[in-house]
Structure formats: structure tokens, C-alpha cells
Amino acid sequence: MKLPTYLFAFLLLCFALALAAPATAQVSNEMQESTVRIFCPEPAENNRVGFDVFHIKMSNGETVNMVDSSFGTGFVINKDGYIVTNNHVVAPDVKQEVPEKLVMVVQKVGNRYLMHKAKVVWQSANRDVAIIQCPQLKATPLPLLFDETKSTASEEVYSMGFPGITDVAVEDFNRSGEIRKEIIMIKAQRVVNDLTLKLRRKLTQNEINAVVGEVADHQGPVSAERNELLSAIDSYLKQSDAAATSWDITNVVERKALWKNYFTPTVTKGNIELISKRHGILGVGYPDVLTIQHSCAIKHGNSGGPLLNAGGQVLGVVGDGMSKVSSGDKEMIEWATAANELKGWLDDNHVGYVIGQETHKILPTAALPVKIIVAIALAVAVAIVALILGLIKFNQKPTFTTILRDPRMAKVLGTTQSKLLDVADSSSLRTSPAPLPGFGKWQLVGRTPKGDSVRIEVTDMMFASNNNRLVLGRTAELCHVVVNDDSVSKQHASIRKEGDRFLVADRNSSNRTAVNGQFNTKAFDEVPLREGDTLTLGEVRLDFSKL
């Protein structure tokens with residue numbers, strides 16, 4: 001009988017995972033106060049206090065207030081309120097240096113949340129670092145370590161920042177998409193108005209479409225929760241002293257438990273993988289930048305935070321990672337700009353900093369025996385439940401649903417195991433005799449302008465698992481189907497299945513979408529796609545057929 005052996009192996013695996021799991025860490029209150037949340041919203045018009053707020057009318061009649069803002073992390077380096085962050089946090093375009101920007105800094109001090117207005121004093125687009133100043137902010141500076149030779153591969157390092165739960169939009173797809181679409185159109189209209197004044201003529205429809213596509217390419221996913229928080233802060237500012245540069249926003253932040261996460265720093269642990277010079281953001285022709293490749297878990301809001309050693313010294317400034325595809329698997333490579341890249345500007349401009357002091361030790365959050373006891377208790381509880389269920393079902397024949405659960409079926413059905421579980425466990429399957437979605441397959445076959453072959457397979461199960469709509473584009477994080485070509489936008493087009501029909505819609509792409517050479521005249525309008533048709537995404541032509 002194999003069941004007890006399986007349960008023993010499962011228990012042993014849980015025990016091993018408890019020991020090997022990546023640890024978080026605890027830091028002193030002083031270090032938390034020295035690590036701040038930065039966000040850069042568009043200022044209110046006519047020099048009024050507050051932010052530029054979009055009032056979006058939803059299709060259900062609801063009005064949503066949205067504040068467009070870049071955001072990230074920063075850390076204090078001296079008692080004059082100098083703060084280091086990423087250039088892409090304070091600049092709308094990572095390759096630009098824009099000194100005139102509304103920069104807001106939020107610091108958690110004990111149980112209070114203080115917000116200060118800051119100004120940009122230095123930016124390096126190539127290094128992707130910036131320094132802002134906030135004289136009214138008081139915090140203990142983090143010490144900098146400029147000598148990279150004191151750090152070695154495999155050394156433990158820590159990333160501190162604000163990836164917070166509100167940085168990730170976990171919302172209804174249609175609602176988030178509708179909000180994003182409206183924001184794109186509002187921004188595009190403003191750009192069109194500005195260009196009309198500069199050029200002293202009306203823009204052609206092709207020029208307007210190009211503007212909309214460009215704005216869409218730079219507009220990321222929308223988190224209504226985060227924007228609701230920023231809208232609440234905006235309302236508070238409009239009722240406060242117009243001349244103020246600091247505000248206590250504790251009462252605003254404490255309205256929701258989720259909002260406090262947005263301003264609470266977290267620490268993740270990793271190791272140094274490589275210290276080397278590489279091309280900077282601006283590429284060839286600019287000086288190489290000293291970087292530290294590491295394995296800390298990094299999310300969107302961590303940008304600009306400190307990369308620390310176990311002694312609490314800053315080794316580098318956490319930046320954007322990159323994805324690398326190897327043997328069909330996608331791997332994220334994370335790096336930080338070495339602290340040494342800051343030294344030249346700080347010295348030339350006589351800006352003080354603390355160096356070489358290990359004043360704050362970083363420690364694991366829990367003693368090891370407690371982790372082991374909790375892991376064993378959890379594993380035993382799960383094993384007992386699995387044993388009971390296993391004894392009940394041990395002699396039963398597999399049903400169609402249990403066959404679907406087998407991950408080996410994922411390859412056959414053209415989807416993933418998790419999505420199969422969603423379909424197999426849906427309430428409609430348990431309560432209704434209606435059949436499961438069919439197993440039809442279709443393909444899109446063609447070539448890129450460079451001659452690379454493209455073959456995309458889509459299935460009924462993929463449509464059923466994604467609300468009958470698949471998004472195609474260049475960026476894997478934003479799409480269900482990736483078409484890897486420079487002429488394809490991050491989110492280029494979508495295919496919706498309606499019964500036996502397929503409908504294609506362009507998603508404000510830069511190079512537009514066409515069916516049989518006929519371009520979509522308006523973004524998000526749907527046109528039929530039939531078997532034998534040719535779908536064009538940018539410069540990629542794909543023939544659509546049934547398998």
C-alpha cells in the first residue's frame with residue numbers, strides 16, 4: 001500500500017521546506033523610519049494644493065476618482081533630509097531627467113504617518129538613481145558602504161521597501177480594464193490639446209491614434225485601491241493649510257487596514273550573485289555602471305530602496321530587474337546600482353553622508369525552533385486530513401474531474417493545471433448537468449519581420465479559463481499570449497470567443513491591428529476573425545486556422 005509512504009514523504013518535504021524557506025527579517029524602528037515611501041502624482045491645476053484627480057464615469061453609473069502617480073521607495077542618507085531613490089520613480093520616462101516634479105514622501109514614525117513635500121536635487125538616468133531633499137524630515141541616516149571589494153558573492157543581503165498589497169491590482173478584470181481605458185483617453189486628449197497649441201493646427205486622425213497608442217504603452221495596470229487612498233489624501237490636502245509642506249495623514253491612512261500596508265516597509269532576504277560593471281539604462285556610448293546582482297524578492301514598489309548587508313550598511317540602490325528566458329523557463333534577474341555610484345556627486349556637492357558604521361544589525365524574524373515546531377504541527381495536521389480522505393477514496397475509480405486535476409493533462413488540453421482546477425471545481429459543474437467547454441484548438445501561424453517563425457495555439461479551455469477573452473502582446477506579465485516582436489505593443493490586441501465566433505479588438509496599440517489588411521478604425525472596437533483570415537499585429541502577420 002503506497003499511501004503511508006506518500007504521506008511520510010509529504011511530511012518530510014514540509015519539514016525541509018520549513019528549514020529552507022526564504023526568511024524575512026526584522027530591523028530596528030530607526031531603520032524603518034529611515035526608509036520612506038515616495039510617490040509622484042501630477043499636481044493640481046492652477047497651482048492649487050493637492051493632486052490632479054481623474055473623475056471617471058463607469059458604465060454602471062459609478063464615479064471613480066483616480067490619481068495617476070509613479071511610486072517607489074527611498075532611504076535617508078544624512079540629517080539634512082537627503083534621500084536616495086531610483087530615477088524612474090521621480091521621472092515619467094526612465095531615460096529622462098525632469099527636475100520640476102511634485103514629489104511626496106511618507107514616513108512612518110511609531111504609529112504616525114507623516115507626509116512631506118520634497119524636491120529633486122540630482123538625477124542620473126544612466127545609473128537610474130536620483131537624490132531628493134526633504135529638510136523637514138527627521139530620521140537616522142543609513143550608513144553607506146562604498147568599497148565593493150568588502151562584499152562577495154553568496155553574501156547575505158536584504159532589500160527593504162514598500163511592495164505593499166495595494167501595489168498589486170487584484171480586481172475584476174473588466175472593471176480594471178474600463179478604468180485603464182478611460183485614463184488612457186483622458187491623458188491622450190490632454191496630449192492632443194498640447195500638440196494642437198504647439199503646432200497651431202488640428203491633428204490628423206492618424207496622429208491622434210499614434211498619441212493614444214503611445215499613452216497606452218506607458219500606462220500600466222490600474223490599482224483602484226491605491227488610487228482611492230491617494231484620492232483620500234488629496235481631499236485631506238485641499239482642506240489643509242495651502243502653505244504647508246508637511247502633514248500628519250495618520251487619520252486618513254487608518255481608515256482601512258489595507259492602506260497601512262502601503263506605508264509599512266518590509267524586508268526580504270537573498271544573496272549576492274554577481275558584482276560587475278554593465279551598460280547603464282542609456283546603453284552603449286555612456287559610462288558603464290557598477291551593479292550588484294542579487295536574489296532578494298523584488299516587487300513593483302521596492303524600486304529605490306536600499307540593498308543592505310547583515311550589518312545594516314547600504315550596498316546599493318534596488319532597481320528594475322529584467323526577465324531572462326532560458327530553456328523555455330522565464331527567470332527574473334534582480335540588480336541594484338552600487339552605492340559607490342553615488343559617491344562622486346555627493347563629494348562634488350559637499351553633501352554629507354554616514355559611512356562604515358554597522359549601527360543596526362538585521363536579524364531573522366523568528367527563532368528557528370519556533371519555525372520548526374509550527375511547520376511540523378502544520379504538516380502533521382495536513383497529513384492526518386490527507387490520510388482520512390485517502391482511506392475514504394483509496395478504492396474509488398477516477399472520475400472525469402480527477403482526471404482533469406492531473407497536471408499531465410495540462411499539456412494535452414493546452415492550459416495550466418491551476419486553470420483546470422478552476423474549471424473542474426466551478427459551482428456550475430457541481431450543480432448543473434451542462435457539459436464542460438469543448439476541447440477545440442486553433443492556431444495562429446506566421447513570421448516576424450526578422451524572419452522568426454511564430455506559432456500560437458489557443459484552445460477552448462484557455463478561453464473558458466479567462467472569461468472568453470485572450471490578450472495578445474509583447475509583455476508576458478500583461479498578456480495571456482506573448483508575441484515577441486518590437487512592432488507589437490505591451491498589450492496589443494484581444495481575441496474574444498462568443499459561441500462559435502471570434503472577435504478581435506485593438507487595445508490602443510502603437511502600430512495597430514488588422515484583419516485581412518483592414519485596420520481597426522477605433523481602439524477596443526471588435527471585428528470578426530474567421531478561419532482562414534490573416535491577423536496582423538504591428539508588422540507580424542499570422543494566419544488563423546482550426547487544428
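Predicted model: local features only at pLDDT ≥ 70, side-chain atom pairs only at ≥ 80, totals over all residues.
Helix H5 spans residues 205-218 and so comprises 14 residues, and the distance from its first C-alpha to its last is 20 Å, close to the 20 Å expected at 1.5 Å a residue. The buried residues of this helix are Val 211, Val 212, Gly 213, Val 215, Ala 216 and Asp 217.

Strand S13, residues 289-294, is mostly covered, with five of its six residues buried. Strand S13 pairs with strand S12, residues 266-278, in the antiparallel sense, and six bridges join the two. Within this pairing, Thr 291 of S13 has Ser 276 standing opposite.

Asn 78 is placed in the loop that runs between strand S5 (69-76) and strand S6 (82-85). Is Asn 78 buried or exposed? Because its relative accessibility is 6%, under the 20% cut-off, Asn 78 counts as buried. The side chain of Asn 78 makes polar approaches to the backbone: one of its polar atoms lies 3.0 Å from the backbone nitrogen of Asp 80, and the side chain also reaches the backbone nitrogen of Tyr 82 at 3.2 Å. Once neighbours within four places in sequence are left aside, Asn 78 is in contact with Pro 141, Val 351 and Gly 352.

Ala 505 belongs to strand S24, which covers residues 501-506. With a relative accessibility of 3%, Ala 505 counts as buried. Which residues does Ala 505 touch, not counting those up to four places away in sequence? They are Ala 493, Ser 494, Asn 520, Phe 524, Asp 525 and Glu 526. Of these, Phe 524 is 19 residues apart from Ala 505 in sequence, while the C-alpha atoms of the two residues are 4.9 Å apart in space.

| Residue | Relative accessibility | Class |
|---|---|---|
| Asn 78 | 6% | buried |
| Cys 134 | 0% | buried |
| Cys 296 | 2% | buried |
| Ala 505 | 3% | buried |

A disulfide is a covalent bond between the sulfur atoms of two cysteines. How many disulfides does the model contain? The count comes to zero, the criterion being a pair of cysteine sulfur atoms within 2.5 Å.

Technical notes
Residues numbered from 1 in each chain as written. Heavy atoms only, no water. Helix = DSSP H or I, 4+ residues; strand = E, 2+ residues; numbered from the N terminus. Expected span 1.5 Å × (residues − 1). Buried < 20%, exposed > 50% of the residue type's maximum accessible area, 1.4 Å probe, protein only. Polar contact = N/O pair within 3.5 Å; in protein donor to acceptor, adjacent residues only side chain to side chain. Contact = heavy atoms within 4.5 Å. Pairing = 2+ DSSP bridges.
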